[in-house]
Amino acid sequence: MTAKSSASACSADQSSIKTGAQIIVDTLIDLGVDTMFGYTGGVVLPLFDRLYDAPIHFIVPRHEQGGCHMADAYARASGRVGVVVATSGPGACNLVTGLATAMMDSVPLVALTGQVRTELIGNDAFQEADTTGITRPITKYNCIVKDVKDLARTIREAFYIASTGRPGPVLVDIPVDVEVSKYAADGPVEMKLPGYKVRTKGNAKQISIAAHAINKSKQPVLYVGGGVIISNAGDELRALAEKAHLPVTMTLLGLGSYDQRRPESLDMLGMHGSAYANYAVQECDLLIAVGARFDDRVTGKVATFAPNAKIIHIDIDPASISKNVQVDIPVVGDAKSILGQLIPEVEYQERKSWFAKIAEWKKKFPFRYDQNSSTIKPQYVIEELCRQTNNEAIVTTGVGQNQMWAAQFYKFIRPRQFISSGGLGTMGYGLPAAIGAQIAMPEATVIDIDGDHSFNMTMTELATAVEHNLPINVCILNNGYMGMVRQWQELFYGKRYSKSYLKNPQYEAVATALGAVGMTVEKKADVPKAIKQMLEEKRPCVVDFRVEREENVWPMVPAGKSINEMDGLDILESMA
Amino acid sequence: MKHIISALVENKPGVLASVAGMFAARAFNIDSLVVGRTEDPDLSRMTIVVVGDDRVVEQVRKQLGRIIPVVKVQDFVGQPVVARDLMLIAFAAPPEKRPEILSLIEMFKGKVVDIGQKFVMVEVSGPEEKIEAFINICKPYGIKSVARTGTIAMVRYAKTDTPAARNDEAQENQ
């Protein structure tokens, strides 16, 4: 009996001895990871060898930046943690833009990077870079694992930190010798994070004070950011807005949190926000900020932002409170839970004259463009996309005019539908983001509303979409310019278009060469038909819309002005 | 206004870089920063002196709290604290002036730790003002070099129900 039991103990020991690479893959699977993005290389060979037959859907981008954006958009579309892998040195460095993008927009992302052998660190070895040093300010947390016995715990901690509190990217750097060293894991793995506390529930007293302010307010506005989407608080938001009868405006990243077809929606606010949202914020007596951070693109001149308003700020990040704008009633915690606590305490108020005032602004200054133009107006393409997809598509964007028009003219109806680089403003985000979103949501219609120059930055990822047969739809609003830069040069630099246009390729031919479907649309009358054909196509599709070259985004709050000091309102009115 | 911020941090590589990097990235000014071990081998204490208005210092405190390996942050403002700086100072001490120099050192409760033909090295500790005063007194003799630790501080007594203690508690609850 003794012999028998010791034999079985021995075999159990045998099977629990694992290499670092095995521990990584087993931990990922245990954490529920079934999809990863990444690019191989010298020091991650042991890890990729374990991935060879692992039950994980693995997408290899054409460049690590693309892979990082894919993982980011996968996370934004699904609410799960995105995972990206890269090798040391150049591989890790190529993640930088993607990590910074995810950091600014609070996206739960885990990046695993290979590192040179522990004893070579600091020697300027081949493909060595100080990855944790480089990525420290653009990750929520990062670390290097120098001992295989810390590996499983560190990866678990990375997922926990990335996905809780105010989410963000976490990078774990793993030297190649740790990937191959062996360790017999014994017992369950426990996290050790004495400095990390997540607060979810809000302070009940603060919530009552907030509810009282809402019940008393005659002219309130709900100002909603990406935090509501991250915390899956869309239902609570709608319940609050309906019960207390509150108009709702959203930041760029907040789009989708509230159905824009509903009458309470004031659409987006800020630099290129709606006139009615900006006027409402400037005239409100109570501003209820939820999961938003008073970004400069939202506030314009801070000193005159919402000058008459008492401000309630609901946010999970205490450091966001009173960072840019002094807040009267702070409530720290998770938006979903706080809104849930708030709803029973608020009362319905008719606020007839306030809503009448808003309705008047809405009637007078809607988003408009010249519908009689003979050229293709970019706004028209977006309206048509919205119409043909019944407001249901997942929309990703590049950065610049394409992004602002997408935000203005596509009316979003549910969270996780609009995926765009807001904080960092990363050109080239749209195409890899569409790929990541389509991987996360295989049944969804995914549209990348892109600019020509944004598309140019990462168009190589079209090959990735073709390889995985993803039916993404890339709509290039091709005006031949870096449109937003051109707009600023027109308005503020005497039309000196310095380095803001490049010779573009024939996108139709590029798409075809890479194995996708390519189309070119030059006539306004062909727009609906082309969109219909694109949406029916089951392969990746690129449509090159040759739009009006010098169209501007209106309204516009010039830098340093208050948000009710908008340019372009006369232009919009003349199009009525 | 000068604030002394005390941060208990995990004793891990990269923590100092995270803290220093955060200060640089967010354009906060550090007056002094001291790191040392504590009674717990897993924890270190950073004592950071920051100058700024209340809003800036509140941001400093909150941004420190966001750094994952930072376990606890306290702002000692408004609390009775013992704050100390340690200095080594070397300055010219010609033989004919040594008696007066020694009496100055005596007045500051300093300690001569090295003496050569031309120079004397003195160790002085105490609140920052005392250190500054001693430097000023040494100036006429010709200072060769100064090395200071920066401020370390501790609250004078255990937490009781004083307004300052309540303030501390409120900070922790935020």
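Biologist: How many Å separate the centres of domain 1 and domain 2 of chain B, taken over C-alpha atoms?

Modeller: This is a predicted model: local features need pLDDT of at least 70, side-chain atom pairs count only at pLDDT 80 or more, and totals for chains, interfaces and linings use all residues. Residues are numbered from 1 along each chain as its sequence is written, while chains are lettered from A and ligands numbered from 1 in the order in which they are written. Chain B is divided into domain 1 (2–80) and domain 2 (82–152), with bounds from an automatic or database domain assignment. Taken over C-alpha atoms, the separation of the two centres is 29 Å.

Biologist: Which strand gives the most to the side of domain 1 of chain B that touches domain 2 of chain B?

Modeller: Six residues of domain 1 and five residues of domain 2 of chain B make the contact, which requires C-beta atoms, placed from the backbone, within 7 Å. On the domain 1 side, strand 2 (30–37) and strand 3 (43–51) of chain B each supply at least two residues; strands (E, at least two residues) and helices (H or I, at least four) are DSSP runs numbered from the N terminus. With three residues, the one that gives the most is strand 2 of chain B.

Biologist: Which strands of chain B are the edge strands of the open sheet?

Modeller: The open sheet has four strands in the order 2-3-1-4, with antiparallel pairing; two strands pair if DSSP finds at least two bridges between them. Strand 1 (residues 2–10) and strand 3 of chain B pair over nine bridges, and Val9(B) stands opposite Ser44(B) in strand 3. Pairing on one side only, the edge strands are strand 2 and strand 4 of chain B.

Biologist: Why is helix 6 of chain A largely enclosed by the rest of the structure?

Modeller: A residue is buried if 20 or more other C-beta atoms, placed from the backbone, lie within 10 Å of its own, exposed if 12 or fewer, and partly exposed in between. The buried residues of helix 6 pack against helix 4 (64–78), strand 5 (109–115), helix 7 (131–135) and strand 7 (169–175) of chain A. Helix 6 (residues 96–104) is largely enclosed because its buried residues number seven of the nine.

Biologist: How many C-beta neighbours does Ile447(A) have inside 10 Å?

Modeller: Ile447(A) is in strand 17 (residues 446–451) of chain A. Beyond four places in sequence, Ile447(A) is in contact with Leu385(A), Ala393(A), Val395(A), Asn473(A) and Cys475(A). The C-alpha atom of Ile447(A) is 6.2 Å from that of Thr396(A), 51 residues apart along the chain. Ile447(A) counts as buried because its C-beta neighbours inside 10 Å number 29.

Note on methods
Contact = placed C-beta atoms within 7 Å.
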